[in-house]
Amino acid sequence: MDNVGIFRIYNEIKKYIDKIPKVGIVLGSGLENDLCHFDIKKEIDLRYIEGYPKTTVKGHSGKLLYGTLEGVETIVYLGRLHFYEGYSMDEVIVPMRIAGLLGIEVMILTNSAGAINCNYKVGDFVLIEDHISFFVPNCLRGENDERYGIRFPDMTHVYDKVLIEKAEEIAKRENINIHRGVYVQLSGPSFETAAEIRALKNLGADLVGMSTVCEAICCRHMKMRVCGISCVSNMATGMIEQEQSYKDVKNTANSVGNKFVTLVCGIVKSLAEE
Ligand code: HPA
């Protein structure tokens, strides 16, 4: 998608938004639960925003909510666009570009992921501490538009340390099992083989998934602070004697919804106090 297209979508969406939102949240598959206390001012059906890439994943409603969460102006994407759906990387990151243009300062990216680290259990949460991006094309490839950011953005601290520490504090207080880890993004949609998982483990990955990293890169390009939270929906292939199924991934994600909402709301509340 070219920048004319992105700015056109931005101008359409901006009509619904009356204050500059501070926080953006992406709720991944199965994690699209009601956020407690989210006072929704506008619900934007992205299917009707001209030019906006259409989601093809069942259960991803493709909506953008705008309102206040814990007193903070917030936008929430219900669902995301995935590379495996056939979009180019610059289409996949459209929601992040729009968020950046709207003035979002903090982006909370959530997903379900397969655990490569054997210390993780299904239903645990992992704060993404770092990532491995080189199995999918870089979303910033192509001509750089300086309105978004610089040509060669630094990736030393993609995931905000302060937000990681805040999330850990909340998890401890609320008795939620949480870890830190390295997330690797693959293109999907097939799950990995056991040999691929062993290779990824040797590369230093703790979690595997089909999203998030490209979004985080785009957010950092636009200087947003990023918090990445994975829900361990399954053990990665070969870690246990069980075949992979998307249904299991969704069921686990659904079953941890309440804890997940507690974490996200807690993080937003801490931002109100900053
Ligand atoms: N592999 C890739 N993506 C995933 C997985 C997995 O095991 N679980 C959830 N998303």
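Let's start with the ligand. Strand 5 (106–115), strand 8 (207–209) and strand 9 (225–235) each give at least two residues to the shell around it. Strand 5 supplies the largest share of that shell, 3 residues. Keep in mind that this is a predicted model.

Who is in the shell? Ser112, Ala113 and Gly114 are there, along with Phe191, Glu192, Val208, Gly209 and Met210. Ser233, Asn234 and Val249 surround the ligand too. By class, that shell holds 5 nonpolar residues, 5 polar and 1 charged.

Now the polar atoms. A polar side-chain atom of asparagine 234 is 2.7 Å from a nitrogen atom of the ligand. For glutamate 192, a polar side-chain atom lies 2.8 Å from a ligand nitrogen. Glycine 114 uses its backbone: an N or O atom there is 3.3 Å from a nitrogen atom of the ligand. How much of the ligand does the protein bury? Alone, the ligand exposes 260 Å², and the protein buries 95% of that.

On to the pockets. The ligand sits in the largest pocket. Its volume is about 370 Å³. The lining has 22 residues, and Tyr84, Phe191, Met210, Tyr246 and Val249 lie nearest the centre. Strand 5, strand 8, strand 9 and helix 7 (246–255) each give two or more residues to this lining. Strand 5 has the largest share here, with 4 residues. The classes are 9 nonpolar, 11 polar and 2 charged.

Last, the second largest pocket. It holds about 290 Å³ of space. Among its 17 lining residues, Asn3, Asp90, Arg97, Arg141 and Glu143 lie nearest the centre. This lining has 6 nonpolar, 4 polar and 7 charged residues.

Notes
Residues are numbered from 1 along each chain as its sequence is written. This is a predicted model: local features need pLDDT of at least 70, side-chain atom pairs count only at pLDDT 80 or more; totals for chains, interfaces and linings use all residues. Side-chain values use heavy atoms; hydrogens and water are left out. A residue is near a molecule or strand if one of its heavy atoms lies within 4 Å of it. A polar contact is a pair of N or O atoms within 3.5 Å; within protein, one must be able to donate a hydrogen and the other to accept it, and residues adjacent in sequence count only if both atoms are side-chain atoms. Accessible areas come from the Shrake-Rupley method with a 1.4 Å probe; for residues, only the protein chains shown count as cover. On a 1 Å grid over the protein atoms alone, a cavity is a set of points where a 1.4 Å probe fits but cannot get out, and a pocket is an open set with protein on both sides within 12 Å along at least five of seven lines; lining residues have an atom within 4 Å of a point. A molecule sits in a cavity or pocket if more than half of its atoms lie within 2 Å of its grid points. Ala, Val, Leu, Ile, Met, Phe, Trp, Tyr, Cys and Pro count as nonpolar, Asp, Glu, Lys and Arg as charged, and the others, Gly among them, as polar. Grid points are joined across faces, edges and corners, and a volume is the space filled by probe spheres set on the points.
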